[in-house]
Amino acid sequence: MTERLYLSDPYLTSFRARVVEMRELDGKPAAVLDKSAFYPEGGGQPGDRGRLGGAQVIDTQERQGEVLHLVDKPVSGEVEAEIDWVRRFDHMQQHHGQHLLSAAFDKLEAPTVSFHLGERTCTIDLDAPLGKLDLRAAEAMANDSIWRDLPVIARDFTGEERAKLPLRKEPVKGDRVVLVEGVDASPCGGTHPRRTGEVGCIAILKAQRWGEGKARIEFACGNRVVRLLREANETVQQAADALKAAPADLAQAAARVAKDAYDRRKALEAAQADLAKLEAAQLMTKPGPVVAKVERGAAFARAIAQAISSQGRIALIASIEDGRAHLCFARPKGEGAAMGALLKEALAVLGGKGGGNPDFAQGSGDPGRLDEALALAARKI
Ligand SMILES: [Zn+2]
């Protein structure tokens with residue numbers, strides 16, 4: 001069995017080890033070492049990456065109690081190993097931050113049921129309804145635990161000593177407990193910093209309902225908070241630049257632009273409706289059903305078809321938009337041929353798709369045989 005060096009020293013970044021065996025996992029070569037500081041994925045924390053001799057370690061997994069180092073090429077003999085420390089330390093900040101946040105929520109009667117450490121952010125799922133959570137209180141409590149810079153003890157606890165610990169959850173395996181005196185005691189096999197202060201800070205980013213009576217909390221710790229704040233600032237600046245506003249005035253500027261856009265759209269729709277009525281009147285100078293191709297696209301064709309049918313006449317209107325032929329068939333309510341069936345036949349000619357009811361139907365297809373399709377429909381009215 002591999003000796004797990006990260007348990008006694010989570011700060012160990014390089015070591016020498018002997019390759020005991022090469023195996024295969026998911027079609028990739030996987031090295032088993034006599035000892036290793038690589039953390040295998042578990043307890044919500046991803047497996048470590050790094051270097052093993054001349055090979056890259058792309059992931060570390062655990063199978064049947066054995067630590068498997070997934071490598072890009074096979075290795076053998078004595079090897080120098082190095083862990084991707086930037087990535088690992090980030091995981092230590094997130095994972096320990098999670099313990100402190102879960103401990104805080106626990107005190108607010110919201111126990112944690114699961115934890116996921118993602119590429120950008122982390123989540124915990126809480127067994128408590130979203131409406132009952134005081135997010136800011138939990139965040140403040142967790143940050144207070146960080147800024148008091150308390151010692152973190154991570155070791156095996158057994159017997160009487162263990163019985164005295166107020167464990168936050170049941171152990172999954174082993175005797176290891178991560179303890180912050182007066183704050184949290186949680187069974188855990190993950191890697192943790194020496195003191196809570198190394199987490200830096202914790203920020204709750206989002207909370208949402210997650211199934212019946214549960215909530216999912218998205219958060220980030222340490223350097224991720226700095227990175228996310230930088231990204232958010234850049235986004236705010238870009239949006240402010242686009243709206244020609246100061247970042248502080250962004251919300252007002254965005255609301256103003258949205259209102260302007262809404263007002264303009266309404267004005268345009270009204271103008272288009274008037275124009276459609278005019279065009280409909282021109283098309284209705286001759287008696288009988290109106291069969292026509294119009295400019296300005298599908299929405300305009302629809303407005304014309306509706307204007308004509310409301311005047312008591314059948315309308316078969318087509319328009320070409322974005323290289324597609326759009327058909328709008330309308331009849332006065334309850335009178336004349338069924339538009340849905342008629343459209344189906346016309347669309348069969350165009351190889352298109354659409355639908356509707358006996359009073360109104362619309363669809364689109366290939367414009368190549370549009371005249372033929374309209375003529376066919378016109379004959380069947
Ligand atoms: Zn843990």
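In this predicted model, helix α8, which covers residues 339–350, packs against helix α9, which covers residues 370–380, at an angle of about 155 degrees, and the axes of the two helices are 8 Å apart. Because angles over 145 degrees count as roughly antiparallel, α8 is described as roughly antiparallel to α9. The crossing of these two helices, α8 and α9, is right-handed. On the side of α8 the contact is made by Leu 342, Glu 345, Ala 346, Val 349 and Leu 350, while α9 contributes Leu 370, Glu 372, Ala 373, Leu 374, Leu 376, Ala 377 and Lys 380. Sorted by class, the residues in this contact of α8 with α9 are 9 nonpolar and 3 charged, with no polar ones.

As α6 passes α7, the crossing is right-handed. The residues that meet here are Gln 272, Ala 273, Ala 276, Lys 277, Glu 279, Ala 280 and Leu 283 from α6, together with Phe 300, Ala 303, Ile 304, Ala 307 and Ile 308 from α7. In the contact of α6 with α7, 9 residues are nonpolar, 1 is polar and 2 are charged.

The remaining pair to be described consists of helix α2, residues 85–107, and α3, whose axes are 8 Å apart and which pack at an angle of about 130 degrees. With that angle α2 and α3 are oblique to each other, and α2 passes α3 in a right-handed crossing. From α2, the residues Leu 100, Leu 101, Ala 104, Phe 105 and Lys 107 meet Ala 138, Met 141, Ala 142, Ser 145 and Ile 146 of α3. This contact of α2 with α3 divides into 8 nonpolar residues, 1 polar residue and 1 charged residue.

| Helix pair | Angle | Distance between axes |
|---|---|---|
| α8 and α9 | about 155 degrees | 8 Å |
| α2 and α3 | about 130 degrees | 8 Å |

These helices belong to a chain that has 9 helices and 20 strands. The radius of gyration of the chain is 33 Å, whereas a compact globule of 381 residues would have a value near 21 Å. Along its principal axes, the C-alpha trace spans about 100 × 50 × 40 Å.

Leu 150 is placed in the loop between α3, residues 135–147, and β11, residues 153–156, and it counts as partly exposed because it has 18 C-beta neighbours inside 10 Å. Not counting residues up to four places away in sequence, Leu 150 touches Ser 145, Val 180, Glu 181, Val 183, Arg 195 and Thr 196. The C-alpha atoms of Leu 150 and Arg 194 are separated by 8.6 Å, although 44 residues separate the two along the chain.

Val 71 is found in strand β7, and with 23 C-beta neighbours inside 10 Å it counts as buried, since the cut-off for buried is 20 or more. Leaving aside neighbours within four places in sequence, Val 71 is in contact with Pro 29, Ala 31, Leu 52, Ala 55, Gln 56 and Val 57. From Val 71 to Glu 181 the distance is 39 Å, C-alpha to C-alpha, and these two residues are 110 residues apart in sequence.

Most residues other than glycine have a negative phi. Gln 64, however, has a positive phi near 50 degrees; Gln 64 lies in the loop between β6, residues 55–63, and β7, residues 66–71, and is exposed, with 5 other C-beta atoms within 10 Å. Glu 109, which is not a glycine either, has a positive phi of about 60 degrees. Glu 109 lies in the loop between α2 and β9, residues 112–117, and counts as exposed because it has 11 C-beta neighbours inside 10 Å.

Technical notes
Residues numbered from 1 in each chain as written. Predicted model: local features only at pLDDT ≥ 70, side-chain atom pairs only at ≥ 80, totals over all residues. Helix = DSSP H or I, 4+ residues; strand = E, 2+ residues; numbered from the N terminus. Buried ≥ 20, exposed ≤ 12 C-beta atoms within 10 Å, placed from the backbone. Contact = placed C-beta atoms within 7 Å. Left-handed = near helix turned anticlockwise from the far one by under 90°. Nonpolar A, V, L, I, M, F, W, Y, C, P; charged D, E, K, R; others polar. Rg over C-alpha atoms; globule rule 2.2 N^0.38 Å. Axes fitted to C-alpha atoms, helices over the stretch in contact; angles between N-to-C directions. Parallel < 35°, antiparallel > 145°, perpendicular 65-115°, else oblique.
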